Amino acid sequence: MVEVLVTGGAGFIGSNFVRHALASRPDWRVTTLDKLTYAGRRENLHDVMDNPRHEFVHGDIADAGVSHPLVERSTFVVHFAAETHVDRSILAAGDFIRTDVEGTFVLLEAARRAGNLQRFVQISTDEVYGSVPTGASRETDELKPRNPYAASKAGADRLAYSYWATYGLPVIVTRASNNYGPYQFPEKVIPLFVTNAIDDIPVPLYGDGRNVRDWLHVDDHCRAIDLLIDKATDGEVYNIGGGNDVMNVDLTHRILKELGKPTSLIEPVADRPGHDRRYCLDTTKLRGLGWAPQVPFEDGLRQTVDWYRRNDWWWRPIKENDPAFKAYYKAQYDTRG
Ligand code: NAD
Ligand code: TDX
């Protein structure tokens, strides 16, 4: 069996990737290492917890006592674990530096010492390029991160690269655009707006609503990582973008239309400080390896809205019963007006 370590596997993309890997790679034994922060949830893995080819380990990537032995026994490491929400990084950046930068350093040190590692996949993000007013970011473009989350991810991205350039560690770096799909924590714009609108709660649209994001279905993201594990070249960076550039205001209208809710639910609120205007990725390099997104945005958004409608067992306990989420929502939105 091929031993694969997935960090952050109880989060949104990680849990979708664990499910994808167990289904598509019968020769893989997958270990999830996750700290179960507010964003990491055992429920996200409910259908694979008993799978004999899956082991769940509750622990912090930055704790070398836990993470080093797991890296040492692995053939592949897919490193998703991170603090991921831009707005939270603006409120308090400490955890982003500890996990995204220092935690990545701990894993890289373990990988450097491990004998049999064949690939370390550093999951980075399109946010490292900063805002791109026109055109599309290429892998060789300058990094200009503009918020604490993006800067912490850029640090980890380049640190991982340095372990390839300096020590010859088989690192690749992926930079994906905005993901959407099932099990996304309801602080991110799509699940937040969908679940608010289901309950007729206003949806807080930042600024003029004309910021653009490039939407990628999480299944297409998982297929890209899967392909790169086989086909990538060490030391290289790969953009993964859905090619669906949509303005936030248009996205909001589509969500409300899908749910049959009125546009009067849109509440314009104060903008995010340093709000990146537009992200857009050039994916020529990845497409050259045979990948193309398979989920049309219209279909993916409809299926995603439907998933949240059918699975309120998953999000209601967070939004209605979790005092930490309520405190976050208050701090984030009460003063925006
Ligand atoms: P998420 O917030 O849903 O999940 C993050 C997971 O990491 C959680 O399960 C959390 O418990 C875990 N975690 C956090 N700190 C940890 C630590 N110290 N040790 C172990 N586990 C820890 O995030 P996501 O949206 O699934 O993002 C996953 C990765 O993909 C991140 O690296 C993120 O930067 C990257 N990414 C996300 C997107 C997106 O649109 N969501 C786009 C591009 C890249
Ligand atoms: O309440 C909101 N109102 C609003 O208008 C929220 C939460 C967001 N927005 C806007 C801000 C962005 O322009 O929607 C857009 C998307 O916001 P988020 O869902 O917070 O995502 P973003 O800031 O683009 O970052 C995401 O993509 C890159 C992920 O959270 C990152 O982890 C990933 O790296």
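Mentor: Helices here are DSSP runs of H or I with at least four residues, strands are runs of E with at least two, and both are numbered from the N terminus. This is a predicted model, in which local features need pLDDT of at least 70, side-chain atom pairs count only at pLDDT 80 or more, and totals for chains, interfaces and linings use all residues. Residues are numbered from 1 along each chain as its sequence is written.

Trainee: How many helices and strands does the protein chain have?
Mentor: Both kinds of element occur in the protein chain. The count is 12 helices and 12 strands.

Trainee: Why is the protein chain described as being as compact as a globular protein of 337 residues?
Mentor: The globule rule is 2.2 Å times the number of residues to the power 0.38, and the radius of gyration is taken over C-alpha atoms. For 337 residues the rule gives 20 Å, and the chain comes close to that, so it is as compact as a globular protein of that length. Its radius of gyration is 19 Å.

Trainee: What percentage of the residues of the protein chain count as buried?
Mentor: Buried means under 20% relative accessible area, exposed means over 50%, and partly exposed lies in between (1.4 Å probe, protein chains only). Of the 337 residues, the buried share is 57%.

Trainee: What share of the contacts with a separation of 6 or more joins residues 24 or more positions apart?
Mentor: A contact means heavy atoms within 4.5 Å. For the protein chain, the share is 83%.

Trainee: How many residues of helix 1 are buried?
Mentor: Helix 1 covers residues 12–24 and reaches 19 Å from its first C-alpha to its last. Among its buried residues are F12, F17 and L22, and what covers the buried residues includes strand 1 (2–7) and helix 7 (218–231). Helix 1 is mostly covered, with a buried count of 11 of its 13 residues.

Trainee: Is Y183 buried or exposed?
Mentor: Y183 is found in the loop between strand 7 and helix 6 (189–198). Its phi is near 70 degrees, a positive value in a residue other than glycine. With a relative accessible area of 9%, Y183 is buried.

Trainee: What is the relative accessible area of D200?
Mentor: D200 is found in the loop between helix 6 and strand 8 (203–206). Phi of D200 is near 60 degrees, again a positive value in a residue other than glycine. D200 is partly exposed, and its relative accessible area is 48%.

Terms used: Chains are lettered from A and ligands numbered from 1 in the order in which they are written. Side-chain values use heavy atoms; hydrogens and water are left out. The expected span of a helix is 1.5 Å times one less than its number of residues.
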